[in-house]
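Thank you all for coming; I would like to walk through one model this morning, taking a sheet to begin with and then a helix with its surroundings. Please keep the structure open while I speak.

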Amino acid sequence: MKISESWLREWVDPAIETPQLVDQLTMAGLEVDGVEPVAPEFSGVVVGEIVEVAQHPDADKLWVCQVAGSGDQTLQVVCGAPNARAGLKVPFALVGAVLPGDLKIREAKLRGVESFGMLCAEQELGISDASEGLWELADDAPVGADLRDYLSLDDRIIEVDLTPNRGDCLSIRGVAREVGVLNQAQVAEQACDPVAPVTDRVFDVTLSAPRQCPKYAGRVLRNINPGASAPQWMQERLRRSGLRSIDPVVDVTNYVLLELGQPMHAFDLRKLQGGIDVRMAKQGEKLALLDGTDIELDDTTLVIADSGGAVAMAGIMGGAATAVTDTTTDIFLESAFFDPVCIAGKARSYRLHTDSSHRFERGVDHRLQELAIERATALLVDIVGGEPGPIIVKQNTGDLPQPAEVTLSSSGLAQQLGVEVPAEQVEDILTRLGMGHVDTQRIDDATTWQFRTPSWRFDIAIEADLVEEIARIYGYDNIPSTTVNAALPISGDPEGRLPLSVVREQLLADGFQEVVTYSFVDPDIQRLITPELQAVTLANPIASDMSVMRTSIWPGLLSVLRNNLNRQQNRVRAFEIGQVFTLSSDGLTQENRIAAIICGGAKPESWGAEVGDVDFFDLKGAVESLLSLTGEQGSYRFAADSHPALQVGQTARIEKSGDSIGHIGKLHPALSKQLDISRDAFVFELRLSEIQHAKVPVFQDVSKFPEVRRDLAFIVDQKVTFDEIKQVASNAAGKNLTDLKVFDVYQGKGIENNRKSVALGLTFQDTSRTLTEEEINQAASCVISALESQFEARLRG
């Protein structure tokens, strides 16, 4: 929001310079984004009046003007502006004047005619980009007055970036209130004396949606002068606040919005039918807006309607059919309070954003409506004349915001701020902020206060809010930096729980990089990955391709992969730890997951050896190293399975003690094609809770006795997995088996079709003695017999 410093100082004028004022506002939470002068430096420019205009004798597009403004004399100036005319008052740069860009004005001859000065457009003075003609000043502008003094051009524009909770400061009045509190200065409220009605004409108002619009004020103003113009000072204040002058009625409503923070609207009374009805729109109802757009309303939108239909979107924008024009003589002024929840997000849903919606979304003072009507009426009567009627107010008191009573304790204040603020100062600060002092209780050295929030503050509900208010007014710079002195018990870290830091370190050691992706994903992509799960649909998504909550982490990882491949980063190893969200008959379920994706070279590119691409077993190895951190490797197994997003034959279900905890596999080629992923990619996803339960290590003596290894090769059906072989062999080998691994798999010459050779290495060892040859042979025989019985395995010679 942009505000004029000179306008602000009319309300409150502390004895501080601009830099200090700006610093005060920023430190009080009203962050100042920038300060800029209203006009660049120039001198020697006065208010001039064109007394006489004649055609240039030698040029069709030039005029020879006689201009008053330099003492008692009239000077001749050659001008090419199309709006040059007798009686017009304009900026007049005298000979010797210096304009922006160090342009010096000298006597000159234009097509043989002498010119003693220059008549200026706004662009030439650096005021704005307007350059169509001369800058037309007000008819009552004092001829010969210095332009900078007349228009207060030594002013500065302060741009304040307000947080959403400070809607009360979206006006000169609100900022002045803050400055007054910060400097303990008196705020000079603008006089808004009631304007006595001249006519008894009123326009009926009905509140059909009292919860969404608990209060609506209106006033008829008849027989205004549509040809009048807003005064120069008002146009200037609007311009300095970032608004252009349109017509006197609209200018006044915008002026009141900037001054008091109350959005207003003016209807052409003769275009309204019946009476005003504040109601919810009918589904599919049409409305043409002031900006020229035609919209189709839904039944969740609050509208202002008459007997003919909707005439405005409540709190957002008026309709074109009832707009004030240059022929309007009778108007109906509207000033209302709308429930912020009803307006929030509504303008954005129609791709609109207005000054009114910006304020109503954040909350407007519900006691401001009559005051704004009176202020606007007084300005309009002064500018365009007219006959005001009585103010009509319709309200539903039960739906208006009720002030909150908040308790503050001196101990809580000191604990949160780290400094003792005197009780008198606490009461003074909160009282000056508009809080109503309800009660004070003092027991020993402790004080407890109860305050009632003012009608313009919607962001104060708990003690911490009052603490924040005191802190920012007391001054953050006045709060000393102290070391925390408190008894902080150290909670135990259970050894049976694997820290996430260890999980991350393991994956980082395996060459992965951690990524963080949005929990909002594209519903079309999610349906391809988890079609069986019901996703949570967002009521107000930031984009159509981010409209549902993820049921798997894979959509985000696939997006990361695609972005990297599109940027020629062909080797990708990424993981993410985050939540997934699913709907079921029991409601919303949130679960922590860990997932990863790999693609490209198995190792970084090197000159020393050829690097092949990753495969299923590269990712399986990374998962096994992750699971080994739990110390319960034997509880996990990989079982062949199917998954909608993964390729058949390269998909496995990861189980823990027989329960499924996740999946691993190769991305399905059809899915890769749909996502425009040109290379093979492999993914896994696990329930995080299932790998965070770690086995507490128990000390075991290292055996002093030698280990013995037996290598056995079996010919089995090619469908038999190593996991199945391992389970049977381990059970048959007995308690002295300490390790079992596969060291060779062969298919080809000498092996029947549909069968394969699997070579096992079995290691035996005892902790109390050396195993005999007979014990080793007996254990090996048991393994052979078990595999022959279970899988029709045959020992390979």
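Two strands are said to pair if DSSP finds at least two bridges between them, and the strands themselves (E, at least two residues), like the helices (H or I, at least four), are DSSP runs numbered from the N terminus. This is a predicted model, in which local features need pLDDT of at least 70 and side-chain atom pairs count only at pLDDT 80 or more, while totals for chains, interfaces and linings use all residues. Residues are numbered from 1 along each chain as its sequence is written, and side-chain values use heavy atoms, with hydrogens and water left out.

In the sheet, three strands in the order 24-26-25 form an open, antiparallel arrangement, and its edges are strand 24 (405-409) and strand 25 (436-443), each pairing on one side only. Strand 24 is joined to strand 26 (residues 446-452) by five bridges, with Thr407 standing opposite Gln450.

Turning to helix 10 (residues 369-384), its 16 residues should span 22 Å at 1.5 Å a residue, and because its end C-alpha atoms are 22 Å apart, the two agree; the expected span is 1.5 Å times one less than the number of residues. After this helix comes Gly385, with a positive phi near 70°.

Which residues does Val252 contact, leaving aside its neighbours within four places in sequence? With contact meaning heavy atoms within 4.5 Å, they are Met234, Ala376, Leu379, Leu380 and Ile383.
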